[in-house]
Amino acid sequence: MIGVPPNSRRADDAVRLRATAARPLGSLRVLDLTQLRAGPYCTRLLAGFGAQVIKVERPGKGDVLRDHGPFVGGRAGRERSIPFHWLNLGKKSVTLDLEASEGRELLWRLIRTADVLVESFAPRVKRRLGLTYDAARAANPRLVMTSISSFGESGPYRDYRANETVLYAMSGGMYTTGDADRAPLAARPAMTQFTAGMHAYIGTLMALFRRGPSGPGEHVEVSMQESALENVEIQLAEYLHEGKVARRKGNEHPLVPWRTYPCRDGYAAVIGGPLRHWAKAAEMFEEPRLLEPKLRHAAGRIEHRAEVESLLRPWLARHGKKDVYHMGQARGLAFGYVADLKDALESPQHRARGFFVDTDEHPEVGRLRVCGAPFLVRGADWTVGRAPLLGEHTAEVLTGCLGLSDDGIATLRERNVL
């Protein structure tokens, strides 16, 4: 390989460690060979707490999410994809053609310098590229390799393709979503993929904890289909233990009141719990019949569901959703309201906690407003950085991590390896 010195680990690694060690994951180098949502969300969390995340992308094309809208300002462009920005903040982008032998050789040299490799290749593609865990472990025994795929790396479906709708439908979750007399509904947003990304993040941290300062790495494997099953929760447990198949019930809950109801300016969630506080709620609705003995206990309200709801609706129609929320909460009741995104972003709770933050300046789209850390750790810094331009850090990483010369990088560009 042109311009590559014998030692692939540079002395400036010590500078990298000193510069970032104050952050919780600042000593980690992560190779990100993922696309779309699940894998990039995992590595986004690693980057947010300080890991140096090197995103390896296809020359000229990059992560396929770069071509997915919506786009900043409504103008399409590979550097303007809002989903890509959202999921790739704080990373470095390196372009490598993994179909070329020189590209694969560079990847393996990077793997030897890494602490973590996160990949989301289909198992058949990974086998074709030779990117198995056994090969990675032989190259770097301390490497934690996290693999995310639709159905996992074993079983009859391991090479099948799937998207969010397929994964949610096959989990059983879709069967219970929607109204009983209508077709099942898909959940929004990409709940399964984000769950899988969080599982990958947790699994990666667990493997790093087990590895410790001197131990061997491990292989973390995440099936997005299994992550979808985790989200089915109690309905799954009911079937496993009681053989009960949950069905679509729309907005109906076994208890009453326990659903959203129309109010003056939208929908309010009226929850008749904790049950011991129901009398306070009944008084709030200014309807004496709600305090009758037959409705005092949960069983009676369930028996007379239609009557209870008919007594609630006139009062709700006269009040705003946020007023209903605050009045219920003031009485110790778990009331809520259906917020649109404007409501959510303007919530005084989020403002008080500083949950929404601005990214660093991006050369093409400027600063973007995004969510902050998904959890807080006292004394642990979280940064949002910005998403990288395609291949923006190729020369920086290959020079800094592998010691390639400028001439060597130029030659590789001429060969379309980078």
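Author: Quick definition before we start: a salt bridge here is a side-chain nitrogen of Lys or Arg within 4 Å of a carboxyl oxygen of Asp or Glu. This is a predicted model, where local features need pLDDT of at least 70, side-chain atom pairs count only at pLDDT 80 or more, and totals for chains, interfaces and linings use all residues. Residues are numbered from 1 along each chain as its sequence is written, and side-chain values use heavy atoms, with hydrogens and water left out.

Reader: How many salt bridges does the structure hold?

Author: Going by that cut-off of 4 Å, the total for the structure comes to 27.

Reader: How many residues apart in sequence are the parts that Lys92 and Glu396 tie together?

Author: Their side chains meet in a salt bridge, 2.8 Å from N to O. Lys92 sits in strand S3 (residues 92–95) and Glu396 in helix H17 (residues 394–402), so the parts they tie together are separated in sequence by 304 residues. Helices (H or I, at least four residues) and strands (E, at least two) are DSSP runs, numbered from the N terminus.

Reader: Is Glu119 buried or exposed?

Author: Buried means under 20% relative accessible area, exposed over 50%, and partly exposed in between (1.4 Å probe, protein chains only). Glu119 pairs with Lys126 in a salt bridge, with 2.5 Å between the closest N and O atoms. Lys126 has 6% relative accessibility and counts as buried. Glu119 is at 0%, so the word for Glu119 is buried.

Reader: Which residues do salt bridges that share partners join into one network?

Author: Shared partners link several salt bridges here. The residues joined in one network are Asp32, Lys55, Asp63 and Lys91.
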